[in-house]
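Colleague: I have a chain open here and would like a quick walk through it. Can you take my questions as they come?

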Amino acid sequence: MKSCAGCVLGVGNSVDGTIRCFKYATVSNANDDKENCLYYIDITTNPICPVCCREGEKVSGITVKSMLMNTEHYVEGNDYYICKNPRCLVAYYDAHDNTICESSLKVPIWYKEGARPEFDCYWSKVTKDDVIKAVVEKGARDVKTVSEITGAIKNSNCLVNNPTGKCCHNEIQNIIDEVTKNIT
Ligand SMILES: [Zn+2]
């Protein structure tokens, strides 16, 4: 971790090792230790979202392509990242600051603000409410039982069906944990 004088927050650019100040958008060298800084900077490893300046997560091009309603602006072989900020309208972006908005996708990204319905298992279109119902009304306490009741996860191909390209298994477990915490 490096600190930067003057700015309060910084975001690192893994490509050239510079840090862009979150506040003033100035650029400094990540290898210089700056004095008098009140805050530390976490050097990020992925390019940041050009709109909200937060670090995203790499997703497979296969995932991006299969999520798009129109693949006209999709660049084959490009590295794509998913924006994890719930308030940001950007779904995916690349290292050249090209962005793909959430409105261009076939399905909403579940953690983005206003996503209705919030799909947890994209493959079988199982929503958060379905999972909660299985836990509260049917007494399911693990992912396997939820899957049997709701049809979630079964034969899922998350690489092309979930905008994150990852399996919804963990998300379902999180919901079960959250709900059972309030029951027992
Ligand atoms: Zn963003």
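This is a predicted model: local features need pLDDT of at least 70, side-chain atom pairs count only at pLDDT 80 or more; totals for chains, interfaces and linings use all residues.

Colleague: What does the secondary structure come to?

Modeller: The chain has five helices and 11 strands.

Colleague: And how much of the chain is buried?

Modeller: Of the 184 residues, 31% are buried. As for contacts between residues at least 6 apart in sequence, 54% join residues at least 24 apart.

Colleague: On to helix 2 and helix 3. At what angle do the axes cross?

Modeller: At roughly 110°, with the axes of helix 2 (residues 128-136) and helix 3 (residues 143-150) coming within 10 Å. Angles of 65 to 115 degrees count as roughly perpendicular, so helix 2 is roughly perpendicular to helix 3.

Colleague: Left-handed or right-handed?

Modeller: The crossing of helix 2 and helix 3 is right-handed.

Colleague: Which residues meet there?

Modeller: From helix 2, Asp130, Val131, Ala134 and Val135; from helix 3, Val146, Ile149 and Thr150. The residues of this contact divide into five nonpolar, one polar and one charged.

Colleague: Why does Lys128 count as partly exposed?

Modeller: Because Lys128 has 19 C-beta neighbours inside 10 Å, and a residue is buried if it has 20 or more.

Colleague: What is Lys128 in contact with, leaving aside neighbours within four places in sequence?

Modeller: Glu118, Asp120 and Ile175. Also, the C-alpha atoms of Lys128 and Ile172 are separated by 8.0 Å, with the two residues 44 apart along the chain.

Definitions and conventions
Residues are numbered from 1 along each chain as its sequence is written. Helices (H or I, at least four residues) and strands (E, at least two) are DSSP runs, numbered from the N terminus. A residue is buried if 20 or more other C-beta atoms lie within 10 Å of its own, exposed if 12 or fewer, and partly exposed in between; C-beta atoms are placed from the backbone. Two residues are in contact if their C-beta atoms, placed from the backbone, lie within 7 Å. Axes are lines fitted to C-alpha atoms, for helices over the stretch in contact, and angles run from 0 to 180 degrees between N-to-C directions. Angles under 35 degrees count as roughly parallel, over 145 as roughly antiparallel, 65 to 115 as roughly perpendicular and the rest as oblique. A crossing is left-handed if the near helix is turned anticlockwise from the far one by less than a right angle, and right-handed if clockwise. Ala, Val, Leu, Ile, Met, Phe, Trp, Tyr, Cys and Pro count as nonpolar, Asp, Glu, Lys and Arg as charged, and the others, Gly among them, as polar.
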